[in-house]
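Thanks for coming. I will keep this short, and I will go through one structure with you on the screen.

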Amino acid sequence: MKTMKILLLTASLAMTQAFASGGAATYPNDAFQIDLNDKISLQNGAKYFINYCSGCHSLKYQRYNRAFRDLQIDPEIGAKNLIFTGAKDVEQMHTAMSGAEGLKWFGQTPPDLSLTARAKSGAYIYNYLRGFYRDDSRPLGFNNSVFAGASMPNPLWELQGVQKPVYHEEKVCEMVEGQEKCETHSSLVGFEAITPGTLNKEEYDKVAYDITNFLSYVSDPSALDRMRMGPWVLAFLAFLTVIFYLLKKEYWRDIH
């Protein structure tokens with residue numbers, strides 16, 4: 001069990017770093033630690049994903065009934081509150097929006113998010129959900145500090161509110177052919193609220209964490225089964241080791 005948790009933690013911290021033109025890491029850039037034992041977090045993450053994200057993004061490798069079972073959600077409650085496409089609980093978690101509609105409205109088809117946590121890490125998703133800011137130069141009025149030029153608006157703006165970026169400017173000078181040349185580099189250091197949301201920062205960060213935790217589960221649902229089976233497998237191997245050791249002593253007793 002301990003080994004499994006260490007492996008999961010190591011994988012979740014292996015975040016793909018995005019760099020700005022000045023070479024500085026993106027903001028926010030906080031670590032994320034998955035917790036598949038926190039069923040409340042996973043249930044909340046499923047709720048927020050279905051209500052705010054599934055209108056555009058699918059989870060085509062995940063089935064509703066599998067999620068209900070793993071997250072300990074009553075099937076009747078899950079079917080009533082988490083299935084809005086008319087699908088049966090044995091079906092995959094597809095979005096009701098077609099690819100053609102997504103291409104028309106957003107300029108590209110919103111991607112399926114089943115394996116995003118494995119492809120880009122939980123830390124990437126966690127920071128991405130917290131990195132939206134107002135940008136009137138973008139077609140939909142939003143940009144993202146983790147993924148610059150993102151086509152989507154902030155789906156959670158009612159919860160988070162609308163924010164603007166805060167930059168730190170630094171003048172850097174160097175001697176070039178006997179002359180001093182200076183350049184001003186600006187780096188994003190934070191956000192400032194324009195319009196408050198229904199949640200404060202700590203509450204919204206918890207929402208972002210829960211969604212990320214849920215997507216991390218979706219990217220590898222069998223991890224829960226491995227975590228349950230792990231201690232029993234190790235106990236069996238330990239028992240087998242004792243048996244083999246005793247057999248070895250018995251076989252070699254007459255030789256010595």
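Predicted model: local features only at pLDDT ≥ 70, side-chain atom pairs only at ≥ 80, totals over all residues.

First, the site. The UniProt record, an unreviewed entry, gives a "binding site" at Cys53, Cys56 and His57. Cys53, Cys56 and His57 from this set are also part of the lining of the largest pocket.

Now two of these residues in turn. Where is cysteine 53? Cysteine 53 sits in the loop between α2, which covers 39-52, and β1, which covers 59-63. Is cysteine 53 buried or exposed? Its relative accessible area is 10%, and buried means under 20%, so cysteine 53 is buried.

Histidine 57 also belongs to the loop between α2 and β1. Histidine 57 has a relative accessibility of 11%, so this residue counts as buried too. What does histidine 57 touch, leaving aside residues up to four places away in sequence? The contacts of histidine 57 are Phe49, Thr95, Pro110, Pro111, Leu113 and Met152.

Next, the surface. A nonpolar patch there is formed by Phe239, Ile243, Phe244, Leu247, Tyr251, Trp252 and Ile255. Together these residues have about 770 Å² of accessible area.

Take isoleucine 255 from that patch. You will find isoleucine 255 in the segment after α10, the helix that covers 222-253. Exposed means over 50% relative accessible area, and isoleucine 255 has 58%, so isoleucine 255 is exposed.

To recap, cysteine 53 is buried, histidine 57 is buried, and isoleucine 255 is exposed. That is the end of my part.

Key. Residues numbered from 1 in each chain as written. Heavy atoms only, no water. UniProt positions renumbered as here; feature names shortened; annotations may be inferred. 1 Å grid on protein atoms, 1.4 Å probe; cavity = no way out; pocket = protein on both sides within 12 Å on 5 of 7 lines; lining within 4 Å. Helix = DSSP H or I, 4+ residues; strand = E, 2+ residues; numbered from the N terminus. Buried < 20%, exposed > 50% of the residue type's maximum accessible area, 1.4 Å probe, protein only. Contact = heavy atoms within 4.5 Å. Patch = residues over 30% accessible without salt bridge, like charges linked within 9 Å, V, L, I, M, F, W, Y side chains within 5 Å. Areas by Shrake-Rupley, 256 points an atom, 1.4 Å probe, with all protein chains shown as cover. Salt bridge = Lys/Arg side-chain N within 4 Å of Asp/Glu carboxyl O.
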